[in-house]
Amino acid sequence: MKKMFRSIPCLAIALGLALVFASAAEAQDRRMSPRGEAATQVGGSFDADGRYQDGSWVVVTYGRPILRGRDLFGSGAEYGQSFLRGAPLWRVGADQSTRFMTEADLMFGGERLPAGEYSVFAELTEDEWTLIFSNWGAKETFQEENPDALWGAYGYTPDRDLLRTTMDVSTIMMSADQLSISFMDMTQEGGVFTIRWDDQVATVPFQVAR
């Protein structure tokens, strides 16, 4: 009986060490740019019982790079060039191409974006950003052989662009360490699509198409 009780602390120590090593291994396997999602619903309403119905999803999936102390955007002709790494424009994220899915037709800057799923890119200047919705597909890995899909923005050409719209860009006092995409000032009719990273915030309003 005494041997059994003596073995319990040893077992607890062994389990604790196993958890420590498992946590360390998990940390080592963590993506340098974790995946993120921004989602909202538009066009629906609440019934008399408080249930939301007939809403359409709008969902963005993207890689969320971390600043890690970099002077990221720069200025002048070099603005926004440091993280392109040879790509012709920004994938609005990291790793896989950023994807934008909408179940409803939307309006950006007076132009209609039909319901569907698109890759999203951006051309960056200090004065404004150009947000691009493209029919390029997204590769699952860099090595994937698919002539109709891209990894990030590498190999991008504008021939599959569906819609381009201008985003207002501003510099704010606080720096965001990790890229975030969000929907702001939302109503059932639309809202503001927002990209924030470092001290830069870019916005463009959108509405449900009628």
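**Salt bridges**

Modeller: Happy to! Let's start with R164, which is partly exposed at 32% relative accessibility (partly exposed lies between buried, under 20% relative accessible area, and exposed, over 50%, using a 1.4 Å probe and protein chains only). This is a predicted model, where local features need pLDDT of at least 70 and side-chain atom pairs count only at pLDDT 80 or more, while totals for chains, interfaces and linings use all residues. Residues are numbered from 1 along each chain as its sequence is written, and side-chain values use heavy atoms, leaving out hydrogens and water.

R164 meets D161 in a salt bridge, at 3.0 Å from N to O (a side-chain nitrogen of Lys or Arg within 4 Å of a carboxyl oxygen of Asp or Glu). The structure holds eight salt bridges.

Another one joins D148 to R160, with the closest N and O atoms 3.0 Å apart. D148 sits in the loop between β10 (137–138) and β11 (149–150), and R160 in the loop between β11 and β12, so the pair ties together parts 12 residues apart in sequence (strands are DSSP E runs of at least two residues and helices H or I runs of at least four, numbered from the N terminus). D148 is partly exposed at 43%, and R160 is partly exposed at 25%.

E189 pairs with R210, their closest N and O atoms being 2.9 Å apart. Here E189 lies in the loop between β12 and β13 and R210 in the segment after β13, 21 residues apart, so to speak a link between distant parts of the chain. E189 is partly exposed at 42%, whereas R210 is exposed at 68%.
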